[in-house]
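Reader: I would like to learn how to read a structure like this one. Please take me through it feature by feature.

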Amino acid sequence: MMKSIISVFTIIFFFFNYNTNSQSMGFFNQLFGGIQKSSVSNSDLEKTSEILNEDLYWEIVAQSLKNSKNQNGQEKFLINEISKLTPKQMIGFRLRTDQLLYDTYNSEMWCASYLMNGGSSDDGFEYFRNWVISRGKEVYYQAKENPDTLLSQKEFGEDEFYEFEPFWYVAIEAFKQKTNENLYDHIDYDNFHTSEGNYPQFEFTWQETNPSSMKKICPNLFKEFKNK
């Protein structure tokens with residue numbers, strides 16, 4: 001009788017021990033609070049050039065606008081929401097942002113940046129376009145077609161500037177928090193070409209010394225911000 005009890009116990013022990021080794025957290029880990037395996041596997045951290053689904057991207061941005069009152073709150077909300085994605089999707093969020101930045105790297109958008117911010121350096125132009133993206137899908141695509149439409153967003157600047165540098169880094173911070181890794185190390189740059197280092201060359205269609213050239217491109221913004 002004793003041998004039978006021991007045998008049954010041995011079988012039960014083997015079964016739960018097997019499950020403990022084959023699952024991320026088995027029975028004994030739950031019971032005794034053992035060390036849990038990371039939710040991120042090595043395969044999750046392979047390099048990728050896959051851009052996040054656009055509908056999902058804009059939904060996250062839309063929710064960040066609904067659930068925040070300023071850029072600081074929006075930044076925190078975005079980091080929290082992005083951290084719920086898979087590592088690959090987090091990288092994809094950053095790549096989608098880079099593509100949207102790439103697609104608005106042109107003379108006309110730079111004119112809008114210059115007028116709204118009273119000047120615009122290379123870095124300032126990056127932060128301006130991040131701000132445009134942060135205002136949501138409709139604002140972005142309208143501005144892409146005609147930057148002068150950004151007058152509708154006049155009230156959403158902070159400290160009289162229309163820039164949002166931290167928006168560019170929300171996916172990087174979320175990725176760091178979840179994986180303790182640098183997101184940049186997991187971008188497949190060989191197959192991702194719409195990045196900052198590959199911006200197209202263009203000729204300026206306006207000059208800061210020729211105000212009428214800026215007025216021609218963005219008449220409403222010129223009227224509103226010409227004395228900034």
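What follows is a dialogue on the helices, charge pairs, aromatic rings, surface patches and backbone angles.

Author: Keep in mind from the start that this is a predicted model.

Reader: Where should I begin? Which elements does the chain have, helices or strands?

Author: The chain has 11 helices and zero strands. Read from the N terminus on, the elements run α-α-α-α-α-α-α-α-α-α-α.

Reader: How much of the chain is buried?

Author: Of the 228 residues in the chain, 40% are buried.

Reader: Next, the charges. How should I read a salt bridge?

Author: Side chains of opposite charge can pair when their charged atoms come close. In this model the count comes to six salt bridges. One of them joins E50 and K88, with the closest N and O atoms 3.0 Å apart.

Reader: Where do E50 and K88 sit in the chain?

Author: E50 is in the loop between α2 (27-32) and α3, and K88 is in helix α5 (residues 87-103). The two are 38 residues apart, and the pair links distant parts of the chain. E50 is partly exposed because its relative accessible area is 49%. K88, at 39%, is partly exposed as well.

Reader: What about salt bridges inside one helix?

Author: Take D98 and R94, whose side chains meet in a salt bridge at 3.1 Å, N to O. They are four residues apart in helix α5, so about one helical turn separates them. D98 has a relative accessible area of 8% and is therefore buried. R94, at 5%, also counts as buried.

Reader: Now the rings. What do I look at in an aromatic pair?

Author: A pair of aromatic rings is described by the distance of the centres and the angle of the planes. The count in this model is 21 aromatic pairs. Among them is the pair of W58 and Y140, which is tilted: 5.7 Å centre to centre, with 40° between the planes. W58 belongs to helix α3 (residues 54-66) and Y140 to helix α8 (residues 137-145); they are 82 residues apart, and the pair links distant parts of the chain.

Reader: Which residues form one aromatic cluster?

Author: Y102, Y105, W110, Y114, F125, Y199, F202, F204 and W206 make up one aromatic cluster.

Reader: What can I find on the surface?

Author: There is a nonpolar patch formed by Y169, Y184 and Y189, with about 280 Å² of accessible area together. Y189 lies in the loop between α9 (170-179) and α10 (211-217). Its relative accessibility is 41%, so Y189 counts as partly exposed.

Reader: Which residues gather in a patch of negative charge?

Author: D122, D123, E165 and E196 gather in such a patch on the surface. D123 has its place in helix α7 (residues 122-134). With a relative accessible area of 44%, D123 is partly exposed.

Reader: Last, the backbone. How do I read phi?

Author: Most residues other than glycine have a negative phi, and most peptide bonds are trans. D159 is not a glycine, yet it has a positive phi of about 55°. E160 also has a positive phi, near 65°, and is a residue other than glycine.

Reader: Where are D159 and E160 found?

Author: D159 is in the loop between α8 and α9, and E160 lies in the loop between α8 and α9 as well.

Reader: Why does D159 count as exposed, and why does E160?

Author: Exposed means over 50% relative accessible area. D159 counts as exposed because its relative accessibility is 69%, and E160 counts as exposed because its value is 65%.

Notes
Residues are numbered from 1 along each chain as its sequence is written. This is a predicted model: local features need pLDDT of at least 70, side-chain atom pairs count only at pLDDT 80 or more; totals for chains, interfaces and linings use all residues. Side-chain values use heavy atoms; hydrogens and water are left out. Patches are made of residues with over 30% relative accessible area and no salt bridge: like charges are joined within 9 Å, nonpolar side chains (Val, Leu, Ile, Met, Phe, Trp, Tyr) within 5 Å. Accessible areas come from the Shrake-Rupley method with a 1.4 Å probe; for residues, only the protein chains shown count as cover. A salt bridge is a side-chain nitrogen of Lys or Arg within 4 Å of a carboxyl oxygen of Asp or Glu. Buried means under 20% relative accessible area, exposed over 50%, partly exposed in between (1.4 Å probe, protein chains only). Lys and Arg count as positive and Asp and Glu as negative; His and the chain ends are not counted. The place of a charge is taken as NZ of Lys, CZ of Arg, CG of Asp or CD of Glu. Rings of Phe, Tyr and Trp (its six-membered ring) pair if their centres lie within 6.5 Å; planes under 30 degrees apart count as stacked, over 60 as edge-to-face and the rest as tilted.
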